[in-house]
Amino acid sequence: MIVSASYKTDIPAFFGEWFLNRLEAGFCRTINPYGRQVVTVPLTRDAVDGFVFWTRNIGPFREALGEVARRGFPFVVQYTITGYPRALEPSVIDWERAAGHMRELARDFGPEVAVWRYDPVIATSLTPPDWHLENFAAIARALQGVANEVVVSFAHGYVKTKRNMDAAARAYDFKWEDLDPSWKRGMADRLAELASDHGMKLSLCSQPEFAGKETCEARCIDAGRLSRLAGFPIPAKLKGNRPGCACFESRDIGDYDTCPHGCVYCYAVRTRALARARHAAHDPGAEFLIAPEASSVPAS
C-alpha cells in the first residue's frame, strides 16, 4: 500500500507532530468524506510500501522525513512552488525558500525524491501569459539539476474555487478567467519547452486533453519512482482517483478544509476561516487528523 499524505491538506507544513505520533503508533484512522465510514490505515513498515507527501513548505517536516527514512520507508515529496502574488497565495513561503528546500531534499535523500508542482496555472490580470512564462522559467532555473519532473495542471472551475476567486478579485482589484482549451494546450507546450531547457519533463495532472508532443501524463502517486528510490519493485496497480488521473492506487490520510495556507484557488478548502478553525481544533495526539464529528464533505 502507498500512503498519500495528503492531497486533501498540507500535512508536512501543519500536521507533522500528528504524523510522527501516528507513525510511532503504527496506524491512523480516517473517515470517508462521502460515506462517513471509519477506516483504520496501518502505518507499519510491513504494511506501507512508500509515502507520497504533498506540501508547500517542507521545512517544518524535516525531522519527520528523517524518521521516515530511518524506518526504511521510501518516499516522494510533491512540492508545489508557484511564486504567485499574495492576492492569490496570502501565506505560502517565498518560492526561493521553497526551492532551497528542494535542493536540500536532493542533497540529503537523492535526486528523485522531490517533484516540482507548478499547479494550478491560473489566468488573471496579475498573472498573464508572459508573466507565467517568465516566472516558470525563473523557478525552473533554480531547480535545474534538482528536479527531473514538473507537474502542471490548469485550475478547475469548482463552485468553491469560483466563489473564492471572485471574492479575492473584488478585494484585490484583479480580473480572472477560465481560458479556452486551445490556450491551455498552447501554454502547456510552451512550459514544457522551458522545462526541457532545464533538464525536466513536464507532465499534466489529470488533464490529458491539454497534452501535446512535449508533455506526458502525470503519475503523482508513482510506484515507479518509489521503486527506484527503494531499490526494488513496489507492487501497485494503476487506479486514478478521478477521470484522467493516471496515478497508482494509494490511501490518503488527510482531511478536507484543514489547510490554513489560504490559497484562493484551492479545491480542498471551502473558506480559509473554516480551515483555520479546524486546524486550531486539531489534536496532534489523536488517532484522527480531525475529530470525526468535525470532518467535512468537500463541496464541488
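User: How far apart are the end C-alpha atoms of H4, and what should its residues span?

Analyst: The end C-alpha atoms of H4 are 21 Å apart, and this agrees with the 21 Å that its 15 residues should span at 1.5 Å a residue, where the expected span is 1.5 Å times one less than the number of residues in the helix. Helices (H or I, at least four residues) and strands (E, at least two) are DSSP runs, numbered from the N terminus. This is a predicted model, in which local features need pLDDT of at least 70 and side-chain atom pairs count only at pLDDT 80 or more, while totals for chains, interfaces and linings use all residues. Residues are numbered from 1 along each chain as its sequence is written, and side-chain values use heavy atoms, with hydrogens and water left out.

User: Ok, which residues of H4 are buried?

Analyst: They are Trp-95, Ala-98, Ala-99, Gly-100, His-101, Met-102, Leu-105 and Ala-106, where buried means under 20% relative accessible area, exposed over 50%, and partly exposed in between, with a 1.4 Å probe and protein chains only. The cover over these buried residues includes H3, E5, E6 and helix H5 (129-142).

User: And what follows H4?

Analyst: Gly-110 follows H4, and the phi of Gly-110 is positive, near 110°. In the loop between H4 and E6 there is also Glu-112, which counts as buried because its relative accessibility is 17%. Leaving aside neighbours within four places in sequence, Glu-112 is in contact (heavy atoms within 4.5 Å) with Asn-148, Arg-225, Arg-228 and Leu-229.

User: Switching to the sheet: what order do the strands have?

Analyst: The order is E11-E10-E8-E6-E5-E4-E1-E12, in an open sheet of 8 strands with parallel pairing, and two strands pair if DSSP finds at least two bridges between them. Strand E11 (215-217) and strand E12 (251-252) stand at the edges with a single partner strand each, so one side of each has no neighbour in the sheet.

User: How many bridges join E6 to E8?

Analyst: There are 4 bridges between strand E6 (residues 114-121) and strand E8 (residues 149-154), and these strands run parallel; Tyr-118 has Val-152 in E8 as its bridge partner. Helix H4 (residues 95-109) packs on the sheet and touches E5 and E6, and its direction makes about 165° with that of E5, the axes being lines fitted to C-alpha atoms, for helices over the stretch in contact, with angles from 0 to 180 degrees between N-to-C directions.

User: Which way do the residues of E1 point?

Analyst: From strand E1 (residues 2-5), Ile-2 and Ser-4 point one way and Val-3 and Ala-5 the other way, and all are buried. In a regular strand the side chains alternate between the two faces of the sheet. Val-3 has Phe-51 as its bridge partner in E4, and Arg-251 as its bridge partner in E12.

User: New topic, how many aromatic pairs are there?

Analyst: The count comes to 17, with rings of Phe, Tyr and Trp (its six-membered ring) pairing if their centres lie within 6.5 Å, and with planes under 30 degrees apart counted as stacked, over 60 as edge-to-face and the rest as tilted. Phe-19 and Phe-53 are edge-to-face, because their ring centres are 5.4 Å apart and their planes stand at 85°. Phe-19 lies in helix H2 (residues 16-25) and Phe-53 in strand E4, so this pair ties together parts that are 34 residues apart in sequence.

User: Are Phe-19 and Phe-53 buried or exposed?

Analyst: Both Phe-19 and Phe-53 are buried. Phe-53 also forms a stacked pair with Phe-51, at 5.5 Å centre to centre and 15° between the planes.
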